[in-house]
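The following exercises are to be worked with the sequence and the coordinates at hand. Each task is followed by a solution in steps.

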Amino acid sequence: MAINTINLASKMTGALDKAVVQKAVTGFFADNALRAKFVGAATVLVPSMEFSGLGSYDRDEGFTRGAITVTNESYTLSMDRARSFQLDAQDCDEIGVTGLAGQVMGEFVSTRVVPELDAYCLSKLATLASDKSQTVTGTPASQAYEMFTQAVSDAQSAVGYDEELVAFVDSGMWTAFQTTEELSRQITVSDFAKGGMNTRVKSINDVAILPVSDSRMKSKYTFYDGVTSEQTAGGFAPAAGAKSIGLLVLPRRAASLVKKTETVRIFDPERNLNADAWKFDYRLYYDLFIRKSMEGGVIAYLY
């Protein structure tokens with residue numbers, strides 16, 4: 001493959017990788033995965049540490065010896081997703097492969113990859129909260145304030161009061177936040193870092209509020225394989241029996257989004273044996289892992 005084609009693939013991969021993190025509402029979880037280490041094709045080790053507590057100082061014997069225990073939690077990636085596209089050579093000649101390919105793949109990431117990534121991550125967090133009965137109940141239209149404060153209180157009780165919290169909300173809960181006097185008067189705008197870029201988000205009592213499209217706020221999804229009958233369109237859809245996620249409160253550090261690979265392979269028409277077209281292969285291998293020490297801080301409202 002020509003060197004300029006390789007450079008194009010490398011630049012496109014980097015740009016799409018950044019777009020995934022910055023455009024996905026859950027993209028900031030990728031900032032928590034810096035210490036993850038891969039062993040093998042699908043297993044990642046995430047280190048954690050435990051310390052002995054303080055002991056009394058003895059003026060004759062000196063310091064009381066304690067222990068540091070370092071363990072590596074082993075996790076296996078489960079989401080290996082991919083698609084292949086072709087762009088007719090004549091279309092690329094008229095517009096230019098760089099411009100057309102960038103436009104097409106950028107649109108694909110924004111409209112197909114990012115929504116699926118969010119849906120998977122949020123459903124996994126909501127399932128954890130549901131399985132552990134870490135939920136709040138109520139009617140958002142009249143009890144949004146009580147539901148939010150209860151969720152925040154439950155999360156803080158589990159992980160401490162110095163952890164930065166985030167709250168994902170669907171359209172109904174977000175509307176309730178803006179129309180409930182106790183909450184609306186507390187809404188401020190604050191900085192929120194994600195993927196090396198600072199954004200501005202609404203917050204309540206220093207808890208970042210992240211509105212999410214309703215289609216991404218379900219407790220369970222079916223992720224189509226793109227091959228099986230009735231799944232050829234690919235993508236995802238709510239699974240039978242899935243509940244809607246109205247509110248999800250958790251520590252910002254509670255989860256890590258780990259991506260093993262996000263690559264774009266490019267084949268020019270001379271090397272594409274199937275058609276006189278440029279061929280683009282996109283693959284994203286990822287998963288979301290929740291820190292065991294912070295599982296108790298994931299609180300949800302499901303309906």
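Helices (H or I, at least four residues) and strands (E, at least two) are DSSP runs, numbered from the N terminus. Residues are numbered from 1 along each chain as its sequence is written. The model is predicted, and local features need pLDDT of at least 70, side-chain atom pairs count only at pLDDT 80 or more, and totals for chains, interfaces and linings use all residues, while side-chain values use heavy atoms, with hydrogens and water left out.

**Exercise 1. Loop residues with positive phi**

Task: State where Glu 230 and Ser 133 are placed, and determine whether each is buried or exposed.

Solution. Step 1: Glu 230 belongs to the loop between β9 (221-223) and β10 (236-238). Its phi is near 75°, a positive value in a residue other than glycine.

Step 2: Buried means under 20% relative accessible area, exposed over 50%, and partly exposed in between (1.4 Å probe, protein chains only). Because its relative accessible area is 75%, Glu 230 is exposed.

Step 3: Ser 133 is located in the loop between α3 (97-131) and α4. The phi of Ser 133 is near 55°, again positive in a residue other than glycine. Ser 133 has 60% relative accessibility and therefore counts as exposed.

**Exercise 2. The sheet and its helices**

Task: Give the strand order of the open sheet of six strands, and identify its edge strands.

Solution. Step 1: Two strands pair if DSSP finds at least two bridges between them. The order is β6-β7-β8-β5-β11-β14, and the pairing is mixed. At the edges are β6 (187-194) and β14 (299-302), each of which pairs on one side only. From one strand to the next, the twist averages 30°.

Step 2: Angles run from 0 to 180 degrees between N-to-C directions, with axes fitted as lines to C-alpha atoms, for helices over the stretch in contact. Contact means heavy atoms within 4.5 Å. Helix α4 (residues 140-159) packs on the sheet and touches β5 (165-169), β7, β8, β11 (245-251) and β14, its direction making about 25° with that of β11. Helix α5 (residues 171-179) lies across β5, β6, β7, β8, β11 and β14 and runs at about 110° to β5.

**Exercise 3. The surroundings of β8**

Task: Describe how β8 is joined to β7 and to β5.

Solution. Step 1: Strands β7 (residues 197-204) and β8 (residues 207-211) run antiparallel and are joined by three bridges. Ser 203 has Ala 208 as its bridge partner, and Lys 202 has Ile 209. In this hairpin, with two residues between the strands, Asn 205 takes a positive phi near 55°.

Step 2: β5 and β8 run parallel, joined by four bridges. Here Val 166 stands opposite Ala 208.

Step 3: Four of the five residues of β8 are buried, so that the strand is mostly covered.

**Exercise 4. A buried lysine**

Task: Which side chain of opposite charge is nearest to Lys 194, and which backbone oxygens does the Lys 194 side chain approach?

Solution. Step 1: Lys 194 lies in strand β6. A salt bridge is a side-chain nitrogen of Lys or Arg within 4 Å of a carboxyl oxygen of Asp or Glu. Lys and Arg count as positive and Asp and Glu as negative, whereas His and the chain ends are not counted. Lys 194 is buried yet has no salt bridge, the nearest side chain of opposite charge being Asp 118 at 7.4 Å.

Step 2: A polar atom of the Lys 194 side chain lies 2.9 Å from the backbone oxygen of Gln 22, and the side chain also reaches the backbone oxygen of Ala 24 at 3.1 Å.

Note on methods:
A polar contact is a pair of N or O atoms within 3.5 Å; within protein, one must be able to donate a hydrogen and the other to accept it, and residues adjacent in sequence count only if both atoms are side-chain atoms.
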